Amino acid sequence: MFALAFYVSLKQYCRLALRLFFRQWQVRFVAPLPKGPVIFVANHQSAFMDAILVICSSAANPWSIARANIFGKPWAVKALTLVQIKPLYRFRDGFSTMRKNDAAMEEYAQMLVNGKSLLIFAEGNDDGYWKLRPLQKGFARIALRAEEKSNYTLGLKIVPVGIQYEDHAKFRSRVLITFGEAIPVVPHHATSADNGQSPKDNLDTDRLVDKTSDGLKPLMLHIAGDGDEYERKVAYLYKHHVPQNDLAAQLAADQAIIKNMPATVENVAPVRVTKRWPWWNPLFLYAFINHLLPASIISWFVKKKVHNEQFHSSIQYAFGLVLIPLFYCLQTGMFFALTHSGLWSLLYFISLPLSLSLTRRS
């Protein structure tokens, strides 16, 4: 009970922090989430920020499957288990770990049979490009094993989840989370009494992987190509990009640009958008001044110590979860020392996150 209470409380705190971290965080459901166990399969662009966003964007409380190398210490195993994260061993982690992987996948299949849900990033690792890479088959194997363990009566569904960042590495960016239509692991015809075959005869991992990939691509911006070809397409997109207030409409408009672009894209000079801060707004100035010191510390650390851009927003967010409340307490203590007023100090404390929230679209 303690573990679940801690998880739910942390989830609510993370939700509040996400609303302050992103200029706009929008969630869309193409269809209602199915009841019962689910495997959420999402694209992967920004380290552990992706998992936080997916988990906080619905009422579901899935267990996340993460690469095994973060479980190296006993304390890490306990901490990660407390927040419902389990390891998945890959061939790149070493041949000896593959035996552990078989046991882990058996465990995750049993978790699904027991009614729990999973979150898996099937591309295998994070990548900052606007494209869906080939999906690994692990999630499909877990799904099929769970159905097999339940004698094909589980009714397990796979829900594709599209994560679309405006800029995955920056604070105050915008992000759209889209939950797609559920994909049955066991097709309806596979359980039909007049089919004449067992459900197992109609199932295979490739089918599930292909259907999930097809379900994911419409939920995100998928720009095919590599190297210079990809960069030219992105530059073309920026040139014709028209900002939309609604992020679902923004995604649809950007997808239309990519779909209708010429077969041969000429070299286009990158369009650099300069952020104009509303210095004329006193509320913005109030929020800026009161958050300047912790924001500067976080920004310095990320620039000096975090060289992989995919981790920038994740590290900024994680540091902010701890550092911002600490500075709120320190600044409120200093305010009380100057004013000796409990009421005004309380109002000042409340004003700190409130000012940041009210200026989040700035």
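Let's start with Thr332. Is Thr332 buried or exposed? In this predicted model, Thr332 is buried, because its relative accessible area is 12% and the cut-off for buried is under 20%. Thr332 sits in helix α11, which covers residues 312–339.

What does Thr332 touch? Leave aside residues up to four places away in sequence, and the contacts are Ser345, Tyr348, Phe349 and Leu352. Two of those names, Ser345 and Tyr348, come back in a moment.

That takes us to helix α12, residues 342–358. Helix α12 has 17 residues. From its first C-alpha to its last it reaches 24 Å, close to the 24 Å expected at 1.5 Å a residue. Now look at Ser351. There is a kink of about 30 degrees there, shortly before the proline Pro353.

How does the N-terminal end of α12 look? Ser341 caps it. A side-chain oxygen of Ser341 lies 3.2 Å from the backbone nitrogen of Trp344.

Which residues of α12 are buried? Here they are: Ser345, Tyr348, Ser351, Leu352, Ser355 and Leu356. So the kink residue, Ser351, is on that list of buried residues. The cover over the buried residues of α12 includes α1 (2–21), α9 (282–290) and α11. Recall that α11 is the helix that holds Thr332.

Next, the strands. Take β6, residues 157–165. How many of its nine residues are buried? Eight, and β6 is mostly covered.

Now the partners of β6. Strand β2, residues 38–42, runs parallel to β6, and five bridges join the two. In that pairing, Val38 stands opposite Lys157 of β6. Strand β7, residues 174–179, runs antiparallel to β6, again with five bridges. There, Val161 has Phe179 in β7 as its bridge partner. Then comes β8, residues 183–184, which pairs with β6 in the antiparallel sense over two bridges. Ile183 in β8 is the bridge partner of Ile158.

One general point on strands. In a regular strand, side chains alternate between the two faces of the sheet.

Last stop, Pro243. Where is Pro243? It is in the loop between α7 (227–240) and α8 (247–260). Pro243 is exposed, because its relative accessible area is 63% and exposed means over 50%. Its C-alpha atom is separated by 9.5 Å from that of Asp254, eleven residues apart along the chain.

To recap: Thr332 is buried, Pro243 is exposed, and β6 is mostly covered.

How values were computed: Residues numbered from 1 in each chain as written. Predicted model: local features only at pLDDT ≥ 70, side-chain atom pairs only at ≥ 80, totals over all residues. Heavy atoms only, no water. Helix = DSSP H or I, 4+ residues; strand = E, 2+ residues; numbered from the N terminus. Buried < 20%, exposed > 50% of the residue type's maximum accessible area, 1.4 Å probe, protein only. Contact = heavy atoms within 4.5 Å. Expected span 1.5 Å × (residues − 1). Bend = angle between axes of the 7 residues up to and from the residue. Polar contact = N/O pair within 3.5 Å; in protein donor to acceptor, adjacent residues only side chain to side chain. Pairing = 2+ DSSP bridges.
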